[in-house]
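Please keep the sequence and the model open while reading.

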Amino acid sequence: MPFIRFFIFLILALFLLSALKNFLIKFAIETASPGIIGAKIEMGDFSLGVLTHRIHIKNFRLYNPPGFPDQVFLVMPEVMVDVDMMELIKGRMHFPWVVLNLDKMVIVKNKEGKLNVDSLKIVQEEQAANKGKPMKLPVFKIDLLDLNIGKVVMEDHTHAPPVRVEAYDVGIKNQKIRNINGLPKLVACVLVEAMKPTAIRSAGLYAAETLLGVGFLPALAIGIAVAKDDVNADLNHPFGTVYQETLKLVQELGTVKKADGQKGQILAKVYGCDITINLQDTGWGKSHIRIKAREYFLAKLEIANGLLYQLTERLK
């Protein structure tokens with residue numbers, strides 16, 4: 001009996017120490033991030049397996065830097081990192097394998113025309129480093145990065161209200177990038193890949209070009225628009241709720257030309273585009289929405305996608 005009690009006590013003690021270790025590391029990362037990256041970080045869960053040598057992070061959120069709306073800049077539901085513990089003991093961060101699942105990145109252009117991407121401290125320091133000013137960062141190396149990117153949203157505050165919102169389905173799955181030397185290079189890789197469909201070429205991406213040693217040519221959104229004429233989604237909300245929220249959204253952003261609640265159709269003018277929205281009641285408190293945006297007979301998929309993004313954010 002005493003042995004069993006001791007064994008149970010030992011397991012509980014190890015469990016508590018492990019939980020405390022994870023809490024302390026998570027707290028340290030969240031506390032240090034503004035000084036290194038220049039923006040707040042939050043993590044839903046952080047765990048470091050002593051035996052597996054693997055870091056597992058859930059619901060990683062990076063917020064906007066100062067001077068931009070107090071909202072999320074990027075969301076990664078899951079991050080996995082294999083850690084070289086021997087190198088870590090020596091003070092060097094060597095990660096043989098990293099998986100980044102980036103669900104959403106929101107690029108914001110403020111009223112002064114500055115991008116939140118360029119205002120991240122680590123991007124600004126990289127630009128300074130290109131001018132001969134050294135960066136003070138620990139040794140950092142990733143052998144293999146598996147990168148997944150879902151949606152990129154662009155918020156433009158330079159126009160008169162309302163804010164112009166565009167969205168792009170990047171759809172990168174398991175893109176493999178090898179030999180990433182340094183945290184700035186990791187940030188540059190993610191920014192370059194995520195921002196390609198937006199056709200935005202920021203000062204941060206000029207710095208990224210130098211850092212990565214490759215040319216960067218953004219993929220024009222029109223290429224995506226030609227391949228697809230509209231966006232659609234199944235929503236876990238009843239038809240009436242979705243119709244009313246969609247109508248409110250369109251009224252706030254532009255002008256409604258026709259609204260038929262019986263047919264579930266809305267015709268409108270938003271951001272200079274002709275918008276056609278069709279809603280369908282699919283039963284069991286769910287609905288389906290299809291949005292089409294056109295400007296001078298050209299499909300504007302990024303506008304339609306932006307409307308869908310704003311609607312889903314309202315329905316949360």
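Which residue in β6 is the bridge partner of Asp146? The partner is Lys176. This is a predicted model, in which local features need pLDDT of at least 70, side-chain atom pairs count only at pLDDT 80 or more, and totals for chains, interfaces and linings use all residues. Residues are numbered from 1 along each chain as its sequence is written, and side-chain values use heavy atoms, with hydrogens and water left out.

**Overall make-up**

- The protein chain holds 8 helices and 12 strands; these are DSSP runs numbered from the N terminus, with H or I over at least four residues for helices and E over at least two for strands.
- Among contacts with a separation of 6 or more, 57% are between residues 24 or more positions apart; a contact means heavy atoms within 4.5 Å.
- The chain exposes about 17,000 Å², and 61% of this comes from carbon and sulfur atoms (Shrake-Rupley method, 1.4 Å probe; for residues, only the protein chains shown count as cover).

**The six-stranded sheet**

- An open sheet with mixed pairing is formed by 6 strands in the order β1-β2-β3-β4-β5-β6; two strands pair if DSSP finds at least two bridges between them.
- Its edge strands, each pairing on one side only, are β1 (41-49) and β6 (164-181).
- On average, neighbouring strands of this sheet are turned by 10 degrees against each other, direction ignored (axes are lines fitted to C-alpha atoms, for helices over the stretch in contact, and angles run from 0 to 180 degrees between N-to-C directions).
- Strand β3 (residues 72-82) runs antiparallel to β4, with 7 bridges between them; Leu74 stands opposite Met105 in β4.
- The pairing of β4 with β5 is parallel and has 15 bridges, and Leu100 has Leu147 in β5 as its bridge partner.
- Strand β5 (residues 140-156) is antiparallel to β6, and 13 bridges join them.

**Helix α8 and the second largest pocket**

- Helix α8 (residues 301-314) lies across β4 (93-109), β5 and β6, at about 95 degrees to β6.
- The second largest pocket has a volume of about 240 Å³. On a 1 Å grid over the protein atoms alone, a pocket is an open set of points where a 1.4 Å probe fits, with protein on both sides within 12 Å along at least five of seven lines. Grid points are joined across faces, edges and corners, and the volume is the space filled by probe spheres set on them.
- There are 13 lining residues (an atom within 4 Å of a point), and the closest to the pocket centre are Asp103, Lys104, Lys151, Tyr309 and Thr312.
- Two or more lining residues come from each of β4, β5 and α8, with α8 giving the most, 5 residues.

**Two residues**

- Val170 is found in strand β6 and counts as buried because its relative accessibility is 16%.
- Beyond its neighbours within four places in sequence, Val170 contacts Ile149, Gly150, Val152, Glu193, Ala194 and Pro197.
- Asp84 lies in the loop between β3 and α2 (85-89) and is partly exposed, at 22% relative accessible area.
- With neighbours within four places in sequence left aside, Asp84 is in contact with His94 and Pro96.

Technical notes. Buried < 20%, exposed > 50% of the residue type's maximum accessible area, 1.4 Å probe, protein only.
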